[in-house]
Amino acid sequence: MTDLLADYLRSLRIEQGLAENTISSYGRDLRQFLAWLTTQKITAYPEDPAILSDYLRVLQLQGKGQSSRMRAVSSLRQFYRWLRQRGSIQHDPMTTIPSPKRGQHLPVALSVAEVDQLLAMPAVTTTLGLRDRAILEVMYATGLRVSELVHLQLAELHLELGLLQTIGKGNKERLLPIGDVAVKYVRLYLEESRPRLIKSDRFVGALFLNFRGQPMTRQAIWKIIKKYIGQAGIKKDVTPHTLRHSFATHLLENGADLRVVQELLGHADISTTQIYTHITQKRLLQVYERAHPRD
């Protein structure tokens with residue numbers, strides 16, 4: 001069973017071109033399932049839906065959250081479809097397993113004033129402060145995923161055109177406008193900070209470097225955002241995607257077309273982008289309730 005799982009993860013990488021983070025997520029879910037099968041002394045991937053249902057009940061009893069259980073069902077569904085297609089099983093039990101119902105979760109977005117507060121926090125007179133300001137400006141100007149940001153290369157910058165390239169999920173390339181303010185701080189970073197951060201030629205192509213001269217990590221970006229959110233006194237529950245959510249929300253609030261926002265975010269399905277219309281509608285209602293004299 002272990003060999004089949006390894007073959008499947010390899011196919012996700014080579015045939016489907018999925019991002020490493022996605023493959024790692026599938027791998028964690030499926031290895032956990034494989035470990036449970038081992039405890040049950042089951043030596044082949046079961047085709048009985050009752051066994052799969054038992055496993056999912058175990059996850060619930062273990063206190064796994066709804067999103068974790070939904071991801072487990074999705075991972076198993078994809079895996080079993082692959083097993084059936086290659087003839088490793090005769091029947092796909094996941095076709096009868098429903099997904100846990102998701103309660104609608106609206107991502108947290110900062111207001112424009114809060115974004116301004118956040119962006120003003122880094123001390124741009126210091127090497128790392130200027131780098132941090134450039135990072136935050138790029139994130140808000142482009143809506144990049146954190147994973148896309150940390151992989152940005154110098155060759156993907158086209159500052160004279162106000163554009164940058166990125167490779168998103170499924171190895172899809174996007175060309176994004178970056179905006180004058182972000183261009184200004186990226187130029188300053190390239191001229192003043194980055195030369196001081198370079199320690200060797202090994203990472204010479206990476207755009208954003210840490211104090212060791214290595215490419216920034218997702219965890220480092222997360223810490224930077226949390227640091228400046230705290231300094232700005234913003235009390236919202238901020239995640240690494242908060243600036244991406246704010247980017248999308250503010251575009252829609254200012255009249256951007258949903259399809260344009262979908263392209264900028266790199267969403268394969270517009271239904272993913274539509275969550276932001278709920279945010280803007282919710283905010284519109286809040287403004288109405290606060291401002292209407294008869295409310």
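This is a predicted model: local features need pLDDT of at least 70, side-chain atom pairs count only at pLDDT 80 or more; totals for chains, interfaces and linings use all residues.

Reader: Ok, what does Asp7 form a salt bridge with?

Author: With Arg10, the closest N and O atoms being 2.7 Å apart. Both sit in helix α1 (residues 2-14), three residues apart, about one turn of the helix. Arg10 is partly exposed too, at 42% relative accessibility.

Reader: How many salt bridges does the count come to?

Author: Nine. Among them is Glu20 with Arg13, where the closest N and O atoms are 2.8 Å apart.

Reader: And Arg71, which side chain does that one meet in a salt bridge?

Author: Asp29, at 2.9 Å, N to O. Arg71 lies in helix α4 and Asp29 in helix α2 (residues 20-39), so the pair ties together parts that are 42 residues apart in sequence.

Reader: Is Asp29 buried or exposed?

Author: Buried, with a relative accessible area of 6%, while Arg71 is partly exposed at 36%.

Reader: Switching topic: at what angle do α3 and α4 pack?

Author: About 155°, with their axes 10 Å apart. Over 145° counts as roughly antiparallel, and the two helices are therefore roughly antiparallel to each other. The crossing is right-handed.

Reader: Which residues meet there?

Author: From α3 you have Leu52, Tyr55, Leu56, Leu59 and Gln60, and they meet Arg69, Ala72, Val73, Leu76 and Tyr80 in α4. By type, that contact divides into eight nonpolar residues, one polar and one charged.

Definitions and conventions:
Residues are numbered from 1 along each chain as its sequence is written. Side-chain values use heavy atoms; hydrogens and water are left out. Axes are lines fitted to C-alpha atoms, for helices over the stretch in contact, and angles run from 0 to 180 degrees between N-to-C directions. Helices (H or I, at least four residues) and strands (E, at least two) are DSSP runs, numbered from the N terminus. Angles under 35 degrees count as roughly parallel, over 145 as roughly antiparallel, 65 to 115 as roughly perpendicular and the rest as oblique. A crossing is left-handed if the near helix is turned anticlockwise from the far one by less than a right angle, and right-handed if clockwise. Contact means heavy atoms within 4.5 Å. Ala, Val, Leu, Ile, Met, Phe, Trp, Tyr, Cys and Pro count as nonpolar, Asp, Glu, Lys and Arg as charged, and the others, Gly among them, as polar. A salt bridge is a side-chain nitrogen of Lys or Arg within 4 Å of a carboxyl oxygen of Asp or Glu. Buried means under 20% relative accessible area, exposed over 50%, partly exposed in between (1.4 Å probe, protein chains only).
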